Structure formats: structure tokens, C-alpha cells
Amino acid sequence: MKTLIRAAAAILTIAVLCLNLYYELAPGMIVRPEGKLGFAAAFALLLGLSLFFGLAPAARAKRWRDYLLLLFWYYLWVLANVLFFDNAFGRGFSVPTQLDAVNLVPLRTIEDYLLAYGYGNISLRLVILNLLGNLVAFAPMGVFLPALFRWQRSIFFFTATLTLGITAVEVAQVYTGAGSCDIDDLILNLAGALLVFVLCRVTPLWQRLCAVTPRDRNEPPAHDQKGTI
């Protein structure tokens, strides 16, 4: 019975993923942020059932890396879609953005949004989607990277990796016409990811994350134990 339930959950997981892909990529279809969260929650729940339901704790522990790795690939797809293809955010490849529209002045865009909201020119929802959305967009990296890659447990390598990755995304958005290049995006994206990383690091959750991809016996435990960042 337990095997049957896991098999049914696996089939439903694939069905949810296919529906998610269809609604996100079909021309004219728009999936609002609430819908995206719903798809993500359903995928994570059903995937968890398909991998863990009815298993003993020891057997579950062996599957945590597979679970997080599959969630990581799903997250990367969602992130790429939001950044380059999503109709809900006006994405799509077009004429490259003019370089004089690139913002390299820190906090200017954040200030512009807050001032526009203060004058009643834009809605609170738009402010939240743009500012809070940028803050949480890369936040899951603070869990996925240190859990799946041991070398990402150093805050130096973690910060360097995300800084290079986010910068590459911003440049790619300009040259593909999918968006603009804004240093405030980098600031907010990086701040959200670092906040989650530090919160994990100073709590018992860090040891759980490190246990997903344990170090080799000959590897020094410098970054696997709770302590200094």
C-alpha cells in the first residue's frame, strides 16, 4: 500500500510539473505570483510523498539529497522563467535594452519606487512585487547551495558565486531585451540570499543542511560545524 501511494504521488508530481510548464510557457497564459506559489507547494509536497511516505527514518535520510536536488532543479527552472520568459512579468526576448537605461547608482531604483508609491503613482502591490520579489528571488540559494555543495558552506565562496551569477543574469537581461540591468536588483537579490544563509548558519538547521552532503572523512570540518561564519 505504501509503495502504491508513493507511486501515485510520483505520477501526480509529474502531472503537476507538466501543468506548470504548460501554463507558464503557453502563449497568452499568465500565472500570477499566487499561482506560482501554489504550483511550487504542490510540487514540493507531492515529491516529498513520492520519496518519503512510509519509509523508516534511516531510509528517509538517504533520500534527502535526492529530494533537495530535484527541488533545486525545479527552483532553477522557475527562476529562469521569471527572469527571462514569464508573461506575468513582461519577459521575453526582444530588442536589447538601451545601455543608457542601465542603473549603476545604488539604491536609486528602490528610492524611485518608494517615492512613486508615496505620491500615489503606483500601487503597494507593485512595490512589493518589485522590491520584496527581488529580495526573495535568490533567497532559496541560502539553503540549496550549502546543502548540496560542500564548498558553498564558506560565506566567501557563497557570496562570490551569487555575485557573479546575479551579475551575469543582469547583463544577459540587457542583451536579450528580457529586462534591465540594475545594481539595486543585485543588492536585493544578494541581501535575501545572504540573510537566509546567515540564519541557517547560526541555527541548528545548519547541521541538518550539512548532513545532506556530508564531508569526506579526509576533509577538514572547518565549514561543516556551527560556529563562525
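Begin by selecting Glu24 and Lys36: these two residues form a salt bridge, and their closest N and O atoms are 3.0 Å apart. Glu24 belongs to helix 1, which covers residues 2–25, while Lys36 belongs to helix 2, which covers residues 33–52. The pair thus links distant parts of the chain, 12 residues apart. Please keep in mind throughout the tour that this is a predicted model.

Why can such side chains pair at all? Side chains of opposite charge can do so when their charged atoms come close.

Next, display the surface around this pair. Are Glu24 and Lys36 buried or exposed? Both residues are buried. For Lys36, the relative accessibility is 12%. This residue counts as buried because the term applies to values under 20%.

Asp86 is buried, and its relative accessible area is 1%. Now show Glu24, Lys36 and Asp86 together: salt bridges that share partners join these residues into one network.

How many salt bridges does the structure hold? The number is four. For another of them, select Arg125 and Glu34, whose closest N and O atoms are 3.2 Å apart. Arg125 lies in helix 5 (residues 124–137) and Glu34 in helix 2, so that distant parts of the chain, 91 residues apart, are linked by this pair.

Arg125 has a relative accessibility of 36% and counts as partly exposed. Glu34 has a relative accessible area of 46% and is likewise partly exposed. Both receive this label because it covers values between the 20% limit for buried and the 50% limit for exposed.

Val196 counts as partly exposed, at 22% relative accessibility. Which residues does Val196 touch, not counting those up to four places away in sequence? They are Ala139, Gly142 and Val143. To complete the tour, draw a distance between the C-alpha atoms of Val196 and Val143: these residues are 53 residues apart in sequence and 7.1 Å apart in space.

Definitions and conventions. Residues numbered from 1 in each chain as written. Predicted model: local features only at pLDDT ≥ 70, side-chain atom pairs only at ≥ 80, totals over all residues. Heavy atoms only, no water. Salt bridge = Lys/Arg side-chain N within 4 Å of Asp/Glu carboxyl O. Helix = DSSP H or I, 4+ residues; strand = E, 2+ residues; numbered from the N terminus. Buried < 20%, exposed > 50% of the residue type's maximum accessible area, 1.4 Å probe, protein only. Contact = heavy atoms within 4.5 Å.
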